[in-house]
Amino acid sequence: MEEKLSFEYAPAPESRAIVSIKPKYGHFIGGKFVSGNKHFPTINPATEEVLSQIALAGKADVDAAVKAARKAYTTTWSKMSGKERGKYLFRIARIMQERSREFAVLETLDNGKPIRESRDVDVPLAAAHFFYHAGWADKLEYAGLGTVPKAHGVAGQIIPWNFPLLMLAWKIAPALAAGNTVVLKPAETTSLTALLFAEVCQQAELPAGVVNIVTGDGSTGALIVNHPGIDKIAFTGSTDVGKLIARAVAPTKKSVTLELGGKAANIVFEDAAIDEAVEGIVNGIFFNQGHVCCAGSRLILQESVADEVLDKLKNRMAKIRVGDPMDKNTDLGAINSKEQLLKIRELTAAGDSEGAERWSAPCDLPGKGFWFAPTIFTGVTQAHRIAREEIFGPVLSVLTFRTPQEAIDKANNTPFGLSAGIWSEKGSKVLWATQQLRAGVIWANTFNKFDPTSPFGGYKESGWGREGGRHGLTAYLKGVSHE
Amino acid sequence: MSYYGLVDGTEASLKKYLASLSGVDQVGADARAAMLATRSIKAASKRWAIDTAISMVDLTTLEGADTPGKVQALCSKAVRPDPTDSTVPSVGAVCVYNDMVGIARAHLDLIGGEHVGVAAVSTAFPSGRASMAVKIQDTQDAVDAGASEIDMVIDRGAFLSGRYIEVFDEIVKIREVCGDKAHLKVIFETGELVTYDNVRKASFLAMAAGADFIKTSTGKVAPAATAPVVLVMLEAVRDFYAMTKVQIGVKPAGGIRNTKDAIKQLVLVNETAGPEWLKPSLFRIGASALLNDLLMQRMKMDDGYYASPQYVTID
């Protein structure tokens, strides 16, 4: 037979027939969908197609949502036993699983992430968060958090666009399990799965007002943060906005948790399993287009293996499949917005002008939509902007070190402290390094692994408090110190 | 023998060479193989993969009950897997015990299958438990009978007790017996080596000793050609090529029974060693039942429906 040496994968697109997107959406307040006044478009970042019109919540909408949440808290949710609350959470989790394909397709259309990731990571993990916290609802008295732990009341929650449904689950599941009611605002560019989740709340017959979803931009977020009827604020997003929120709530009685930016070090020692380390580097920075607060965006590489690792990394990066997020074989999808793409371009241009060496994987980028090829910068030093600022895109800065202590010093030399990675086959070195690193999450010989049982959160400017696990529950209970 | 300048034949140099290899993280290797298993291969790419997989099959019968009649039937199937469709390629080789080599070669030549190889399992297959003299004679018999490929087993006992130099020397000696008449495939029996570190070590050892192919298993021990094991071996041939500019082939054998499994193997090759390895001279699949499933899937792609299994020949 004729020997053809290339194995081109034919397009394998997931069907979008399973989702029905309305031309216009309102808010979800008091168990009902209510229409909004002003609207703005939400687009598919892979095609720039307008998917729908999203309502921009103003003061009246936020007031109504807070009022509905307060009423639900006072009359229903705070009087219900933990066991009964748990039943609702289990029901929501099961419905999310049943409708998982719908959630995955909608998430990919609205966010631009590959269907493989929304299908295999975002949606299953979101359901897992509800299952996990459903189990806590009737066991709070036994969690070692005091004999009668009490909810705050109404929680205001503001989530980012990188993992829209998953961040919703991280926020709503523990809040409800602990007995709070919520007003949640999804990110401006990715509201659709939150609105689908509102349908799930109806389907699960969750009492009206326990979950309220208002859509909008930063102005809506500010209304939530400053609302006097809210007892607790939970925010995931940029450090700049996190600082604004911290200032705004400082003179109030509001409790607050913040999950902010990062510039994680991924340290590869010379005794690492090199092929798996290369996989881990790729997962660390190219997972979800690098739109990950805990992304391993600084590769800190031992000089003795630097050439070998970089050769293998480039070889591996050349195999990353960039393109249509709906194709089941796509590894790297679209950048979420034009604004984010411009930010990535600005910071990478700074990398060029400051003398770092850019290398991008050879790949054809689609003509429409927002795209950025997987890129690494070598010859980066601590003084470069691309070593200090969060790029939040598929861009890796590579630094080198000579001794283990130097690796730790470089890793910790950042105002952030969300996550870190260590690659070594030597256990004693791994344990030593984990003790030295100032980061909330440290992965050894893996990266970007998430589980609802594991607390997640940052040191320094990467945030306050923890989400997930028993630690995460404390954020939604009164008078419990944050561990 | 040059050993590509990697080893000078002494135990010290072999130990130094093997110690220079990085380890394999099992969790990471498993995760990478599982991710590649999610690739969705459709339409024209699936059709290409099926034909490519057929041309890579080492159609195998390794039974105590093998007879000349059984082997001749296998040879007919190897040359024309689907007698009703001449566009179906021949398989790569037939794989038999050493006493069947002459019968297989003669029958293949008789029916126009000169291009199909005969692979003989050798060196006291499958256990490898015999003296060196017996192993050499076993191989010599197969080469004399016309085998174009020798599938030898390594001495797993020696490997697991750290006597790597013995394993190395055996491969070197068998390679000499093969001369320029036969390609040498070295079987590790990865189900007995167990760890991926061992698989990587065995791969580099065998390549430096002169293997043309590295092969997972005899087919007599489970687990056999699991995806992560094949991944580790494909990484090894890729890295060995970077060091020496010599391309070594890979042959998974055992447990690959259907088209889906075979396509997953081709995806592993494509995204690990690279598309340069996607040809029968560098990738083979040791199998028996697989061929008929490939043929059924091929017919399904042409006709749009699954035919009764009676439309493919049982041997």
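The model is predicted, so local features need pLDDT of at least 70, side-chain atom pairs count only at pLDDT 80 or more, and totals for chains, interfaces and linings use all residues. Residues are numbered from 1 along each chain as its sequence is written, while chains are lettered from A and ligands numbered from 1 in the order in which they are written. Chain A has an open sheet of seven strands with mixed pairing, and chain B has an open sheet of eight strands with parallel pairing.

**The sheet in chain A**

- The strand order here is β12-β13-β14-β11-β10-β15-β16; strands are DSSP runs of E with at least two residues, helices are runs of H or I with at least four, and both are numbered from the N terminus.
- Strands count as paired if DSSP finds at least two bridges between them.
- At the edges stand β12 (357-360) and β16 (441-444) of chain A, each with a single partner strand, so one side of each has no neighbour in the sheet.
- From one strand to the next, the twist averages 20 degrees.
- β13(A) then pairs with β14(A) in the parallel sense over three bridges, with A:Ile376 opposite A:Leu396.
- Next along, β14 (residues 395-401) of chain A is parallel to β11 (residues 298-302) of chain A, with five bridges between them.
- Within that pairing, A:Ile300 has A:Leu399 in β14(A) as its bridge partner.
- Helix α9 (residues 274-286) of chain A lies across β10 (265-268), β11, β14 and β15 (419-423) of chain A, and runs at about 165 degrees to β15(A).
- For angles like these, axes are lines fitted to C-alpha atoms (for helices, over the stretch in contact), and values run from 0 to 180 degrees between N-to-C directions.

**Helices around α6 in chain A**

- Two packed helices are described by the angle between their axes and the distance between the axes.
- Helix α5 (residues 164-177) of chain A packs on helix α6 (residues 192-203) of chain A at about 50 degrees, with axes 8 Å apart.
- α5(A) and α6(A) are therefore oblique to each other; under 35 degrees counts as roughly parallel, over 145 as roughly antiparallel, 65 to 115 as roughly perpendicular, and the rest as oblique.
- On the α5(A) side, A:Pro164, A:Leu165 and A:Leu168 meet A:Thr193, A:Ala194 and A:Phe197 of α6(A); contact here takes C-beta atoms, placed from the backbone, within 7 Å.
- That contact has five nonpolar residues, one polar and no charged; nonpolar covers Ala, Val, Leu, Ile, Met, Phe, Trp, Tyr, Cys and Pro, charged covers Asp, Glu, Lys and Arg, and the others, Gly among them, are polar.
- Helix α2 (residues 82-98) of chain A also meets α6(A): the axes come within 9 Å and cross at roughly 125 degrees, which makes α2(A) oblique to α6(A).
- This crossing of α2(A) with α6(A) is right-handed.
- A:Ile92, A:Ile95 and A:Met96 of α2(A) meet A:Val200, A:Cys201 and A:Gln203 of α6(A), giving five nonpolar, one polar and no charged residues.

**The sheet in chain B and B:Val153**

- The order here is β7-β6-β5-β4-β3-β2-β1-β8, with β7 (249-251) and β8 (285-287) of chain B at the edges.
- The twist in this sheet averages 25 degrees from one strand to the next.
- β3 (residues 117-122) of chain B pairs with β4(B) in the parallel sense over four bridges, and B:Ala119 has B:Glu149 as its bridge partner.
- Helix α8 (residues 164-178) of chain B lies across β4 and β5 (183-187) of chain B, at about 150 degrees to β5(B).
- B:Val153 belongs to β4 (residues 149-153) of chain B.
- B:Val153 is buried, with 26 other C-beta atoms within 10 Å; the cut-off for buried is 20 or more, exposed is 12 or fewer, and partly exposed lies in between.
- Among the residues B:Val153 touches are B:Phe125, B:Ile187 and B:Thr218.

**Where chains A and B meet**

- Chain B gives 29 residues to the contact and chain A gives 24.
- On the chain B side, α2 (26-36), α3 (43-56) and α12 (259-271) each give two or more residues, and the largest share, seven residues, comes from α3(B).
- That side divides into twelve nonpolar, eight polar and nine charged residues.

Note on methods. Contact = placed C-beta atoms within 7 Å. Left-handed = near helix turned anticlockwise from the far one by under 90°. Lists of a residue's contacts leave out its neighbours within four places in sequence.
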